[in-house]
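Subject: Structure handover

Hello,

Here is the structure I promised to pass on. Please look through it first, then read the notes below.

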Amino acid sequence: MSEPAPHLVISAVSKRFGAATVLDRVDLTIRRGELVTLLGPSGCGKTTLLRAIAGLSPPDTGTIALAGRDVTHVPPHWRNVGVVFQSYALFPHLTVAGNVAFGLKVRGAPKADIDRAVQRALALVKLGHLGGRRISALSGGQQQRVALARAIAVEPDVLLFDEALSALDRKLREEMQIELRRLLQDVKATAIFVTHDQDEALTMSDRVAVMNKGRIEQLAAPRELYARPASLFALNFVGLSTRIAGQVVGGQDGMVDVVTPVGRLSARGAFQLGASVIVATRPEQLRLGADHEANSASGRVRSVVFQGSRTLVDVDAGAGASLLAELSGREAEVPRVHDEVRFAWPAAETFAFAAEASP
Amino acid sequence: MMTRHAIIFCWVLAIGLALFLLLPLVVIAAASFSPTPVFDLPLSGASLRWYGRIGRLDGFWPSLSLSLQIAVLSTALSLVAGTLAAIAIARGRLPGATALGTLLVSPLMMPGLVLGIALLQYFRMIGFTATWSALLVAHLVVTLPYVARTMIAGLSRFDFTLIEAARTLGCTYAGSVIRVMVPALAPSFLISGLFSLLASFDNYPVSIFLTDVRSKTLPIRMLQYIEEAPDPTLAALSTLILAGTLVLLLISDRLVGLHRMAGTAD
Amino acid sequence: MTDAVLSAPVATPAPDRERLAAFGFVAPSLLITALVFVLPLALLLGVSVLDPKGGVTSAHYARLLGTPYYLGVIWNSLRLGLLTTLIAFLISYPAAFALARARGPLRSILLATLFLPLAASVIVKAFAWTILLRSDGLINTVLIAAGIIEDPIRMIFTQTALIVGAVNIFLPFMVLPIYAVVAQLDSRYAEAAATLGASPLVVFFRVILPLTLPGIVAGVALVFSLSVSAYVVPTLLIGEKYPTLATTIAKAYLLAREPGFGAAAGVVLLAIAIIVVALSALLSREPK
């Protein structure tokens, strides 16, 4: 089965602002109809990359090709990209319908076509009845939808979302994430999201690009990103984890033995003898009890946090090391604070990363 | 959050203030209907004869024409120059933008009289004696600060992301400015235009030193009338000007809102 | 004086093409201000120290700052400024709060009464006050008719007339800046202070007053500047009895043909204005 042709190809794109390198030879290929998120902390370059794709801030070197066309230095008004801004950037002097129709009016489309497209776009975002409303009379959630409708109405090649949901309150935000993903899949749109919220990235994307210091550290589907983080940064940025420092004392076949303050642990990785590493695993991998076939450690429970469907247990394992375990709601035995507990987890789900200076 | 007494006190002062401010205007309007050549108030009757005499005031029409020309032209030029400067300053990407803004607005705080004599010296020194042109150039400095102040304030509230949004929707940079920034700035533009027109039309401290025997702006001519032969014709003229301004204010309130002119956001 | 809000993403230095365009935008205004404002004033400074026989002299300043008469003139100007500003402030500050609470047609009417006088020339308004304050003027006529007084009170050409007229004419310039700030005052600051135990008096002095300070400073600076340099008001309402720097300048240029001396007086007036502006800029700077 052949892959659909790549829709957006970013190749060796770099950009500097003064002495700072904001994008460092970034490569990214996106297929038509894919939803990709650029995820990372502020300053990682995700917004700069998005703006480069939009044409608002062209790169210094590298190329960007959209639908087969080299658009690296093409100004935004010829690129046919749709952008939804964090502040929505709705035109205050136009009504809702006026905003949505803006892109089409600029292109000189006939009035009947414009009206039809506006109606369709507003219906898609479930605001069909608000066409005549002034922007100032809308709630935040409604403004967000209008911004989306406006970007969709011109049927762009790719939709770009610049932290577009961050101004919404949490419940609305979570609802919008799901609704947005469904809508984009329905219209088979290609979309790129920029966010620093890992939950949003995991919810909405087909693939996630974790960015750090102008580089893409890992590009993978959410499931893989979570279960098989490629770096300490990716591990830290997405999801919770137990992290224990140690030194490599042996290993083979892609596994290493690491000596740590809580004992000898086995992890995936390939390192030199004596290398300083961080051994990590996801909280849901930890099981109460001993297991000689697996990694294990013990300690005193420091806190127990009930979160509805799961309970997080934080354990002081001594010598500055901590364990973070997640017990599902179905677990009968939940330890109490100050209890002495032992946890075990599979070596296959344990990773070793090079210990680096703080990211 | 204010106590009852405090609120009443404030309202009393506010109403008193309003009446106090209106007092001279009412007096002028009343005096304009005086049946006698003397300003006898209260009026013993009412007459419109002074309104008829306005046109026959010595040198009235040339002065009116001069004032209007200078006001309209200097305002137009300042609107262009000031708006362009305000855009560059408010964008914030210019080094020393704040200092520049302060410089452009500073003539408002300077005594006009001093500027008047300075310009008199200056124009003489460089041989710039054409009265009309000298007045126009001088009034540029009178009107520009009003435009700069209002437009910088208005632009600082403008979200430049709107321009980016318009560009991604298919507008060129210039097109975005026209379609998005112009409508957003129209109120500020109108307000600065209004203030500039009034500032130029009513200006005397600069004009008094630059007018000569043949060309006098209206305020200077009026000062002359007051000192030489004050009669109610002057009051009639002033009342007409006031009425015209009232109409302008009403239009501005419709278009922009007076509280917006006072500098508060919506 | 202005807050330029950056709405573009953080700290992106403009590419050269945009920087050039920005300079181009500012150039006309900068040119006008430099050539028609800064340069003439600088020249004025030069003229004030110029000896007609050649060379530099401080004779004009010696006369201005040395003779008791002219020191008195300077003091007259300052006094006019201080009194006008103080009275205008005391009236305007509370009134602004009432104005800020007004809504709808009442607010429009009150604002109109602030704007309308601005449209009438100072000359017209000062003239109106002469009508009001003359011995046979309106106020006296009303008072006599009401039987409150028997003989007309001497009001015109007194310092009281001067101050009343000056306050009347410059009042809008005090109210508008204060109103602009008061109208945007967030009531939650006062509420927060109250929940922390502050009495209304404390709330006023420690919350309201500091928050409205920018408006106060702007109004005070503007009104002081205007009243210190007022020419028409003193000329029409008090005349020769109260010489000010402004009337001195006008006389020096229009009558006595003493440009050097007039220039010196102008420089002194300018210096006063600059000091006021500098002080107000310092005072309205955000505390660290």
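Domain bounds here come from an automatic or database domain assignment. For chain C that assignment gives domain 1 (21-57) and domain 2 (66-283).

Some ground rules before the rest. Residues are numbered from 1 along each chain as its sequence is written, while chains are lettered from A and ligands numbered from 1 in the order in which they are written. This is a predicted model, in which local features need pLDDT of at least 70, side-chain atom pairs count only at pLDDT 80 or more, and totals for chains, interfaces and linings use all residues.

**Chain C**

The centres of domain 1 and domain 2 of chain C, taken over C-alpha atoms, are separated by 30 Å. Seven residues of domain 1 of chain C are in contact with seven residues of domain 2 of chain C. Two residues are in contact if their C-beta atoms, placed from the backbone, lie within 7 Å.

Chain C has twelve helices and zero strands. Helices (H or I, at least four residues) and strands (E, at least two) are DSSP runs, numbered from the N terminus. Along the sequence the pattern is α-α-α-α-α-α-α-α-α-α-α-α. The C-alpha trace of chain C spans about 65 × 60 × 35 Å along its principal axes.

UniProt has an unreviewed entry for this chain. Its positions are given in the numbering used here, feature names are shortened, and annotations may be inferred rather than shown by experiment. The entry lists "domain: ABC transmembrane type-1" at residues 74-280 of chain C. In the model, residues 74-280 of chain C are 80% helix and 0% strand. The end C-alpha atoms of that stretch are 21 Å apart.

The unreviewed UniProt entry also lists "transmembrane region" for residues 20-49, 69-97, 109-132, 161-182 and 260-283 of chain C. Take two of these spans. Residues 20-49 of chain C are 97% helix and 0% strand, with end C-alpha atoms 40 Å apart. Residues 109-132 of chain C are 92% helix and 0% strand, with end C-alpha atoms 24 Å apart.

Between the two chains, 88 residues of chain B are in contact with 88 residues of chain C. Several helices of chain B each supply at least two residues of the side that touches chain C, among them H1 (4-31), H3 (60-91) and H6 (131-156). Which helix supplies the largest share of that side? H1(B) does, with 15 residues.

**Chain A**

Chain A is divided into domain 1 (6-231) and domain 2 (240-354). The C-alpha centres of these two domains of chain A lie 38 Å apart.

Now the strands. Two strands pair if DSSP finds at least two bridges between them. Strand E1 (residues 6-17) of chain A pairs with strand E4 (residues 61-66) of chain A in the antiparallel sense, over five bridges. There, A:Ser11 has A:Thr63 of E4(A) as its bridge partner.

E4(A) also pairs with strand E5 (residues 69-70) of chain A, antiparallel, over two bridges. A:Ala65 stands opposite A:Asp70 in E5(A). E4(A) and E5(A) form a hairpin with two residues between them. In the turn, A:Ala67 has a positive phi of about 50°.

Chain A also has an open sheet of six strands, in the order E6-E7-E8-E3-E9-E10, with mixed pairing. Strand E6 (81-84) and strand E10 (215-220) of chain A stand at the edges with a single partner strand each, so one side of each is left without a neighbour in the sheet. Within the sheet, strand E7 (residues 158-162) and strand E8 (residues 191-195) of chain A run parallel and are joined by four bridges. A:Leu160 stands opposite A:Ile192 in E8(A).

Last, a helix pair. The axes of helix H2 (residues 96-106) and helix H4 (residues 140-153) of chain A come within 7 Å and cross at roughly 25°. Axes are lines fitted to C-alpha atoms, for helices over the stretch in contact, and angles run from 0 to 180 degrees between N-to-C directions. The residues making the contact include A:Val96, A:Val100 and A:Leu104 of H2(A), and A:Val146 and A:Ala153 of H4(A).

Best wishes
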